[in-house]
Amino acid sequence: MTPFNLRIITPDKVFFKGEIEKIIVRTTVGDKGILAKHEPYIAALPIGTMKIMIKGNYRIAAISPGTINVGENGDTVVIVQSCEFSDEIDVSRAKIAKKAAEERLSDEGVSIVDHDIAEFKLKRALNRLDAANYK
Amino acid sequence: MASGNMKVIKRRIKSVGSTMQITKAMELVASSKLRRAKKKANDSKPFFNAQSLILSEIVQTKHIETVFTRKREVDSAEAKRLFIVIAGDRGLAGGYNSNLFKLVVAAHEGQELPKIIAVGKKAAEFFGKRGYDVVSKYIGLAENVKNAYCADIANTAVNLFKNGDVDEVTMFYTEFVSSMVQKATDMPVLPLEIKAHEPGKHIIPITYDPSPEAVFNRVVPTFIMSMVQCAVTESYASEQCARRIAMESASDNAEEMIDKLSLLYNRARQEKITNEINEIVGGANAL
């Protein structure tokens, strides 16, 4: 397959930069696969997993909300608030975060804002665990 | 008399010397922190640039008017403002904090006091003391930027703006022009003004999922967050740089002072010896 350039940018740094063959992301309207020379395309990404094919092998990454932007020449930029490859995820930390968020959600006294934050954190923790266990 | 004077001068030399040790140490600390701060400031730029590119591409495709871009129809003297002020946690950094505060104060002259989001202990103290409405303050954020806090600042600003509690949001920070020049700057945040990227260029059709407006509205909060983050990291680099320069000149001044005092000390010592010889000679002659 023809390779094309992908950059994954997070607030702290350029997380990934290199040639890949295929990327599959879940956008807010459904899964989308992108190959080389895709038409210019911009979509919003929710919390989810992303599959990238590098030299014939898939790598899985857990991402937080952001956008994907396919440029004029097919070069793709993924802009997300956080991104982790599945083999780099700290499973025990994600489990602790999941438990803390669940406790927060079951507490009836929390404010609406705290409830939303806890829900977001729970989603993120579950997403990390999903990505880490992806076969 | 002479010996008493010598003691005083000696004590001064010692105290200036120990001050110099401190300023020298602070200079070294600031220059090593500066290197890290500069790297951080550069690392947070790509995220901001990538997002502003998306926004400008959307604006190029079609005219977007959303809650974030709409200008409020209010008299400028009566507009309710929110200022995000990014200053330091510590002093002894030359004019770093005071230049910024001067700019902030000048910016609302003759208008109602703005609401303030204060980043840095100095900003919180300055505006707290002067009776401003400090909505929230973040102390110790600049040294170790977490994007959760930047998101918090952005959300606070966006919510106040959306609810109509404020009509304008402006951010004040210190721009890192070069290692010699840091400039206090203001930057309008809301309502957003996005310029079309390369106006006049033919428009390449871009497919949007779900729609240009939806993507635009989703990007804006994170865009503002990264705006805050860039400003915080850049200000921090400026702070370290300003401190390094201030401490460098303080050390230079101390050195100069020690030189002058040593000269005075030697002169007093010489005077004392001359006096003693005179006394001995006078005494010998009297015999």
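This is a predicted model: local features need pLDDT of at least 70, side-chain atom pairs count only at pLDDT 80 or more; totals for chains, interfaces and linings use all residues.
Two strands count as paired if DSSP finds at least two bridges between them.

**Pairing within the shared sheet**

- The link between the chains is made by β5(A) and β6(B), which run parallel and are joined by 3 bridges.
- In this pairing, A:A43 stands opposite B:D209 of β6(B).
- Within chain A, β1(A) and β9(A) are also parallel, with 4 bridges between them.
- A:I9 has A:I79 of β9(A) as its bridge partner.

**Helices of chain B across the sheet**

**Helix α2 of chain B**

- Helix α2 of chain B covers residues 45-61; at 1.5 Å a residue its 17 residues should span 24 Å, and because its end C-alpha atoms are 24 Å apart, the two values agree.
- The expected figure is 1.5 Å times one less than the number of residues.
- Which residues of α2(B) are buried? They are B:P46, B:F47, B:F48, B:A50, B:Q51, B:I54, B:L55, B:E57, B:I58 and B:V59.
- An α-helix has 3.6 residues a turn, so residues three or four places apart point the same way.
- What covers the buried residues of α2(B)? On the chain A side, the cover includes β1 (4-9), β2 (14-20), β5 (41-45), β8 (66-70) and β9 (76-80).
- From chain B itself, α6 (212-286) is included in the cover.

**Contact between chains A and B**

- Chain B and chain A bring 21 residues each to the contact.
- On the side of chain B that touches chain A, at least two residues come from each of α2, β6 (207-209) and α6 of chain B.
- The largest share of that side is the 7 residues supplied by α6(B).
- By residue class, the side of chain B that touches chain A has 11 nonpolar, 7 polar and 3 charged residues.

**A hairpin in chain A**

- Strand β3 (residues 22-27) and strand β4 (residues 30-34) of chain A are antiparallel and paired over 5 bridges.
- A:I24 stands opposite A:G33 of β4(A).
- β3(A) and β4(A) form a hairpin, with 2 residues between the strands.

**Domains of chain A**

- Chain A is assigned domain 1 (4-86) and domain 2 (90-132).
- The C-alpha centres of domain 1 and domain 2 of chain A are 25 Å apart.
- The contact between these domains takes 9 residues from domain 1 of chain A and 7 residues from domain 2 of chain A.
- On the side of domain 1 that touches domain 2, β6 (48-54) and β7 (57-63) of chain A each supply at least two residues.
- β7(A) gives the largest share of that side, with 3 residues.
- The residues on the side of domain 1 of chain A that touches domain 2 are 4 nonpolar, 4 polar and 1 charged.

Key
Residues are numbered from 1 along each chain as its sequence is written. Chains are lettered from A and ligands numbered from 1 in the order in which they are written. A residue is buried if 20 or more other C-beta atoms lie within 10 Å of its own, exposed if 12 or fewer, and partly exposed in between; C-beta atoms are placed from the backbone. Two residues are in contact if their C-beta atoms, placed from the backbone, lie within 7 Å. Ala, Val, Leu, Ile, Met, Phe, Trp, Tyr, Cys and Pro count as nonpolar, Asp, Glu, Lys and Arg as charged, and the others, Gly among them, as polar. Domain bounds come from an automatic or database domain assignment.
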